[in-house]
Amino acid sequence: MPYAIELLNITKRFARTVANDDVTLKVLAGSIHALVGENGAGKTTLMETLYGLYQPDAGAIRIHEKEVTIKSPHDSIKLGIGMVHQHFMLVPPLTVLENIVLGAETTKNFFIDLKKTTAEISELAEKFSLNVPLTEKVENVGVGIQQRVEILKAIYRKADILVLDEPTAVLTPQETVQLFKILAELKEQGKTIVLITHKLNEVMAISDHVSVMRKGKIVGHLETPKTNPQEIAQLMVGRPVLLRVEKSEHKAGAPVLGVKELTYVDRRGVEALKSVSLDVASGEILGIAGVEGNGQSQLVECITGLIRPTSGSITINGVEIVGLNAREVFARGLAHVPEDRIKRGLVIDLSIKENLILSLQALPQFSSRLSMKRAEITSNAELLIQKYDVRPPDPNAITRGLSGGNQQKVIIARELSRNAEVIIASQPTRGVDIGGIEFIHRTLVTARDSGKAILLVSADLNEILSLSDRIAVMYSGRIVKIFPDNKVEESELGLYMTGSNQELIREAK
Amino acid sequence: MISQIFSLAFLAQTIRITVPYALASLGGVYSERGGVTNIALEGIILNGAFSATVGTYYTGNPLIGVLCGIAGGLLTALIHAVVSINIKADQIISGIAINLFAVGITKFVLEILFHSSSNSDRIPGLPHIKLGFIEQSPDIARLFGNPLVLFTILIIVASQFIIFKTRFGLRLRAVGENPEAADTVGISVTLYRYYGVLISGALAGLAGTWLAFDQHSFTDGMSAGRGYIALAAMIVGKWNPLGAAAACLLFGFAESLQIQLQGAGLPTQFIQMIPYVVTIIVLAGFIGKAVAPAADGVPYEKEK
Ligand SMILES: Nc1ncnc2c1ncn2[C@@H]1O[C@H](COP(=O)(O)OP(=O)(O)OP(=O)(O)O)[C@@H](O)[C@H]1O
Ligand SMILES: [Mg+2]
């Protein structure tokens, strides 16, 4: 079979890093090719070079066996390449339809031909079961829909080579299954697909070939049916990786965090939390499983003082914290790893050392009355960078330039260094590579063993099952079930998560 | 008294004041929708007025004067475009520099050509289109017979469609909201930002042209802050052509009222406040949150 994509000896340097170092990658036409590697390995850079967003410093590109020069996305689109970017490339105030046609508009007497365009897109959406609200503004739709819009954008341009950069990072398990059905269908039609992902089960499930990158180089090309997750993981990280968490039996102490009959009605009048009660004891991890958007975010924001519940009570060691603001809540012994690390966890244009003292900046440890204690801030950063293996190990590096996994480590380091009794961890490993996941999981288990009470919220069932001591399932603003241990089948959790277990849910009410 | 104030002459005066605001404000909409802040409108108006005067004076043909006014605006805007889009300098500073430059250069050339530091020689006005049905009212006929008034009304309405319904408008808005996203679908951010700034140059140049013909001469500093008022109107109008034009009409009305009331025995200081008080009330009371295009004023760096 002929090759659809040949990237030959590509080298791409940024100011300080060599993101791609003499990389050669060949993708067979009509196949699904997975590209994996640690955070910062250079996967995105390689694909954005193919797409014309970067110019390689050396190397050649061949598409369908013809040498090409790709100066900008304009050229790559003409060559039939479509890309779904790791960070969505959508224009929020424009409608879904406008976003899909942008750059490839059909016009009729100067005006965009809405009628024809709507018909065309509806047909595509139907064919691939990618339902999207065409007239809604993108800023008003969830990330799952945005992901579909991105895919429709590529298909609408008749892309025949489709690159997807971590498309499943923000999808629910159901949406992922749906996406994979679409990819299989596209392959059926002879399209070529490159899929970047950190989830090895996805690689095994859908790809024909897999290429592994590490530190800017390709370290292996494998045929998927002839390999296994263990081998891929080892290639990625350069050492054997534990794909499951090792942890001892938990010895739960007294309840520390108590949530009682918590209700939250949001500004639009939607009851996002409906009388939620739970408690977390010292020395245990309570996992909250659930499809995103079922009240988990609001629960976390109520506990951390970011929003105020409509009614109910939240206590830390028996002391009421409802009504306190985030700073006061932190002072009472709470740490928070937020789900949106860019928006809530970091000030992205500040350095690592500054981010490592965010919310701690007023402590006498770091500031005297008039000025910040620079030496202390730097030595604090050096210590944490070493302990949590943050790369690059430079306290002055700006966090924007860090890979996603390393940004996450900065947050984990800060929140755990706070030495709080209660740790709220929301999606702590989203977008993080398997080496990083292993590390973050180990850190959380260690914190548990030292007697912290940990509330873990995750859309990743694997993570919930392997870390939690007890599991609560949220559906539609309610806790519909609490399992006293983690010996649950994924499929059973799934039933509760999707609300299919209606009788059981009614029983729980 | 009321009927005295709100006469046909009053209406004519309001329109006369509104036209240059509306043209410049519309220019601001195009530039900022594409992501380039344009406080250079002030200088563009001034250069437009001067070029129109010189063109008309030397050819004796007001139509050539109009073309010169547009060209003067385009050239000034071109400077702003190069500095903001290619050199990626701070757009506010570029705008201020252009405004100061315009004051200096017009004064300098005024001296050379007309041997005066304050005003040019007299120029003829624009020929009028005869509109039979309003000929009985000379004020109104004079106004609506003015091709620039007709053009202004036309371009305001057309712009509403251009910005929101055409391919050009869609791309312009995309470039102003999220240039990276526009880039990834193969749209040249540089090209569309140039379009936006240059259209604003042509329109603000035309605003200057209006001022010159209205007064039949160029006077030093005759833009008199109109570029800034036009920007304020653009914001009040939430970066929409119709909204901006409506805001300009409101400002024109308030200013006209101020002129009208000057003979009415009220304290002048109080009367002079009227346009500004109206602005503040409108801003605070009726408009709500005005959200600028997300990438307005932010240069686009291709390799991040
Ligand atoms: N625009 C840029 N300027 C400077 N350095 C960059 C830029 N983009 C990426 N890098 C660096 O290049 C390297 C490769 O980054 P890249 O985004 O390709 O990694 P990745 O494999 O996609 O990682 P992840 O799994 O976290 O998405 C990293 O060290 C990153 O910091
Ligand atoms: Mg990436």
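This is a predicted model: local features need pLDDT of at least 70, side-chain atom pairs count only at pLDDT 80 or more; totals for chains, interfaces and linings use all residues.
Figure 1. Contacts join 28 residues of chain A to 21 residues of chain B. Together the two chains bury about 2,100 Å², with 61% of this area on carbon and sulfur atoms. The size of an interface is often given as the accessible area lost when the parts come together.

**Figure 2. Salt bridges and polar contacts between chain A and chain B.** Two salt bridges cross the interface. One of them pairs A:Glu105 with B:Arg171, whose closest N and O atoms lie 2.7 Å apart. On chain A, helix H2 (73–78), helix H3 (96–101) and strand S8 (111–112) each provide at least two residues of the side that touches chain B. The largest share of that side, three residues, belongs to H2(A). By class, the side of chain A that touches chain B has 17 nonpolar, five polar and six charged residues.

**Figure 3. The cis peptide bond between A:Arg391 and A:Pro392.** Omega of this bond is about 0°. A:Pro392 sits in the loop that links helix H13 (374–388) to helix H14 (404–417) of chain A.

**Figure 4. Positive phi at A:Lys158 and A:Glu261.** Most residues other than glycine have a negative phi. Phi of A:Lys158 is near 60°. A:Lys158 is part of the loop between helix H5 (143–156) and strand S9 (161–165) of chain A, and is exposed, with a relative accessible area of 67%. A:Glu261 has a phi of about 45° and is located in strand S13 (residues 255–265) of chain A.

Technical notes: Residues are numbered from 1 along each chain as its sequence is written. Chains are lettered from A and ligands numbered from 1 in the order in which they are written. Side-chain values use heavy atoms; hydrogens and water are left out. Contact means heavy atoms within 4.5 Å. Buried area is the accessible area (1.4 Å probe) that two parts lose on being put together, summed over both. A salt bridge is a side-chain nitrogen of Lys or Arg within 4 Å of a carboxyl oxygen of Asp or Glu. A polar contact is a pair of N or O atoms within 3.5 Å; within protein, one must be able to donate a hydrogen and the other to accept it, and residues adjacent in sequence count only if both atoms are side-chain atoms. Helices (H or I, at least four residues) and strands (E, at least two) are DSSP runs, numbered from the N terminus. Ala, Val, Leu, Ile, Met, Phe, Trp, Tyr, Cys and Pro count as nonpolar, Asp, Glu, Lys and Arg as charged, and the others, Gly among them, as polar. Buried means under 20% relative accessible area, exposed over 50%, partly exposed in between (1.4 Å probe, protein chains only).
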